[in-house]
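The sequence and the coordinates come before the entries.

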Amino acid sequence: MTFCIHVPSDTTAKALGADRLNKLLAATANERKVDLSIKRNGTRALYWLEPLIEVETKQGRFGFGPVKEADIDSLFDAEFWRGDVVHPLALGLVEDIPYLKQQQRLTFARAGVIDPLSLADYQAKEGYRGLKNALAMDAQPLVDEIKASGLRGRGGAAFPTGIKWQTVLDAPAEQKYVVCNADEGDSGTFADRLVMECDPFMLIEGMTIAGLAVGATQGYIYLRSEYPLAFKTLHDAIAIAYENNLLGAGILGSDKHFDLEVRLGAGAYICGEETSLLESLEGKRGLVRAKPPLPAIVGLFGQPTVVNNVLSLAAVPFILDKGAKAYADYGMGRSLGTLPFQLAGNVKRGGLVELAFGPTLRELMFDFGGGTRNGRPLKAVQVGGPLGAYLPESQWDIPLDYEAFAKEGAVLGHGGVVMFDDSVDMSEQARFSMEFCVAESCGKCTPCRIGSTRGVEVIDRIRSGENVDGNMSLLSDLCETMVDGSLCAMGGMTPFPVQSAMKHFKDDFTKRATSTTNTEEI
C-alpha cells in the first residue's frame, strides 16, 4: 500500500531544511521498505511549526512539526505514515489546529494543500471557475461585480478596486494594460510571496479576469527581485497556463485574448509606489510621477493601466466564482472581505492569519501570535510596514479595519504586523524609520530627500542628549513639513512611525537628556 505525505516547498520551509527532509524521507523510506509517495505542497504558513510534514489519510491530513532531520528515525519508528499515531511532534488533524481552524481562509484556502504547479490540483479545488464565469459576461457587469464585492487595494491606500477598473474601462484606448504590483517590500510581509509560491494559478486567473473586465490584452507581474523561487514558480505556471489555453489567444475557446509576463523589479522600495513601478517597468529609473494624470488614464507606456496588488488580484477568482455578496458578507463597515495578516518580529507563533476585517489587534497578536517569543512583555507593534505607526498598548484594541486605523493615525496597509518587546528603544526605531527613507527615497522631491537626511541628524542629536526639548520641537516641525510637502507616500508617511514614537514613547527620547545631565553632574 502506498502512503502519501506532503512536504512544504515555499522559501521559508526550504530555509528551515524542507528540501533536505524531503531527500532524507525518501532515502529512509527506501531503506525501511515503506512505500511512500512524497508530494510537495506550498505551506500553510504556520511558520513556528515548519517544516510541517502532513500525512494524507481517509480522516484527513495529520501533521507533524516542526520536523528536523534528527526526528526522521523516530517518526519512522512510530509509523507516522498512518497519521493518527503517538509521537512528540504529532499535531493531530492539521485542519483542527486552532491557529488554522479559527481563520477565514478565502484567498489562502488552497495554500499548503495543493501542489503549486499542478493545474489539476488547482482546478479540483475550484480553480478557474471564476474565469469561466467571467468569459460569459460583458465587461461592465464584470466591473460591477468587483464594485459590489467591496474589494479594495491591499497596499497602503486601500482604494476601491472596482472604481479603478471602471476608470480604465471607460478610458478610450487601443491598448490597455494590467500590472500586478508584486514588489512586496514592507517589513514583516510575505503574503504576496505565498500567493506566488503556493497558488500561482490564482494570481494568473485574477489578472486574466481583470484583463477581460477593462479590455486589456497584456499583463505584467512586477516581481520583487529578492524572490527567486516565486520568479521560477510564476514562469512555470504561466507556461502551463499557455499550454492549456488559459492564456494567449482564444482563451478556453472564446474570442478573448490575454498575454502575461513576469518582470523582475529594480531592488528599490520606492518601486512599490505605482507610478515609480511603471517608470521602472518601462526601463527607466524608478522615479515617482506627479499625479494627475492617474495611471488608470495615463499609465504604462502612456496607456490606461490597472495597477493592483497581488492580494487584490488574488481575491478576484473567489468573487467571480462565489459572487460579490459571498465576499462582501465578510468584514465590517467599508472594509469588506478578508485580509491576510502576517505576524512577524518578536512573536511566539509567527505566520499568516487570514481573517475577515473586525477582530482587534490584541486578539491577533495574543490569540493567534501567543505574545512574544521570548516571553517578555510586549511594548509596541508596527502595522503596515516601515511607514506605519508604532502602536502602544492603549491602541491594541483597535478593530482591524481601514477606517478605524486611519482614525488613530495608523495604517493597515499590506497587513504586516511586527512586534517588539519591552527591551526596544523607540528612539532607535524612530531613527531607523528616517534612515530607511534616506536609503529608499527616489530623490525627486526635497521634503523626502533632504527632510529624511536632516531627520536622522536631529534624532542623533536627541539620542546624544543635545538640547533634547529644542530638537524634539524641530523634529516635530520637520515631520509636518514632510507630511504636507512630499510628492508621494514615501516622504509623506515616513513621519508616521517617528511621530507615533515621539507621542507614545517619549521617555525613550527624554531619558537621554536626564542621563546626560546626571553624567555632567557627576
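The entries below record what I looked up, by topic.

**Entry 1. Basis**

I worked on a predicted model, in which local features need pLDDT of at least 70 and side-chain atom pairs count only at pLDDT 80 or more, while totals for chains, interfaces and linings use all residues. Residues are numbered from 1 along each chain as its sequence is written, and side-chain values use heavy atoms, with hydrogens and water left out.

**Entry 2. Largest pocket**

I searched a 1 Å grid over the protein atoms alone, where a pocket is an open set of points with protein on both sides within 12 Å along at least five of seven lines, a cavity is a set where a 1.4 Å probe fits but cannot get out, and lining residues have an atom within 4 Å of a point. Grid points are joined across faces, edges and corners, and a volume is the space filled by probe spheres set on the points.

The largest pocket has a volume of about 1,100 Å³. Its lining comprises 44 residues, and those closest to the centre are Gly156, Ala157, Gly272, Glu273 and Glu274. I took helices (H or I, at least four residues) and strands (E, at least two) as DSSP runs, numbered from the N terminus. At least two lining residues come from each of α8 (161-170), β10 (305-309) and α20 (489-493). Which element gives the most to this lining? It is β10, with four residues.

For the classes, I counted Ala, Val, Leu, Ile, Met, Phe, Trp, Tyr, Cys and Pro as nonpolar, Asp, Glu, Lys and Arg as charged, and the others, Gly among them, as polar. The lining of the largest pocket then has 19 nonpolar, 15 polar and ten charged residues.

**Entry 3. Cavities**

I found two cavities of 30 Å³ or more. The largest cavity holds about 40 Å³ of space. Its lining includes Cys442, Cys445, Cys448 and Cys488, together with Lys444. By class, this lining has seven nonpolar, three polar and one charged.

The second largest cavity holds about 30 Å³. Thr107, Arg154, Leu311, Ala315, Tyr327, Thr338 and Pro340 form its lining, to which α13 (310-322) and β13 (338-345) each supply at least two residues. Four of the lining residues are nonpolar, two polar and one charged.

**Entry 4. Aromatic pairs**

I paired rings of Phe, Tyr and Trp (its six-membered ring) if their centres lie within 6.5 Å; planes under 30 degrees apart count as stacked, over 60 as edge-to-face and the rest as tilted. The structure holds 18 such pairs. Phe80 and Trp81 make an edge-to-face pair, 6.0 Å centre to centre with 70° between the planes. Both residues are buried (under 20% relative accessible area; exposed is over 50%, partly exposed in between, with a 1.4 Å probe and protein chains only).

Phe366 and Trp396 form a tilted pair, because their planes are at 45°, with the centres 6.3 Å apart. This pair links distant parts of the chain, 30 residues apart: Phe366 is in helix α15 (residues 361-368), and Trp396 is in the loop between β16 (390-391) and α16 (402-407). Are these two residues buried or exposed? Phe366 is partly exposed at 34% relative accessibility, whereas Trp396 is buried at 2%.

I also noted that ring pairs link Phe3, Phe64, Phe76, Phe80 and Trp81 into a cluster.

**Entry 5. Helix α15**

I listed Leu361, Leu364, Met365 and Phe368 as the buried residues of α15. They cover an arc of only 115° around the axis, so they lie on the same side of α15; the arc is that of the directions from the helix axis to the C-beta atoms. Just after α15, Gly370 takes a positive phi of about 75°.

**Entry 6. Salt bridges**

I counted a salt bridge where a side-chain nitrogen of Lys or Arg is within 4 Å of a carboxyl oxygen of Asp or Glu.

Asp19 and Lys14 meet at 3.0 Å, N to O. Asp19 is partly exposed at 29%, and Lys14 is partly exposed at 29%. Glu79 and Arg82 meet at 2.8 Å, N to O.

In the salt bridge of Arg289 with Glu279, the closest N and O atoms are 2.7 Å apart. Arg289 lies in the loop between α12 (274-281) and β10, and Glu279 in helix α12, so the pair ties together parts that are ten residues apart in sequence. Arg289 is buried at 18%, and Glu279 is buried at 14%.

Finally, I recorded a network of salt bridges that links Arg44, Glu54, Arg61 and Glu95.
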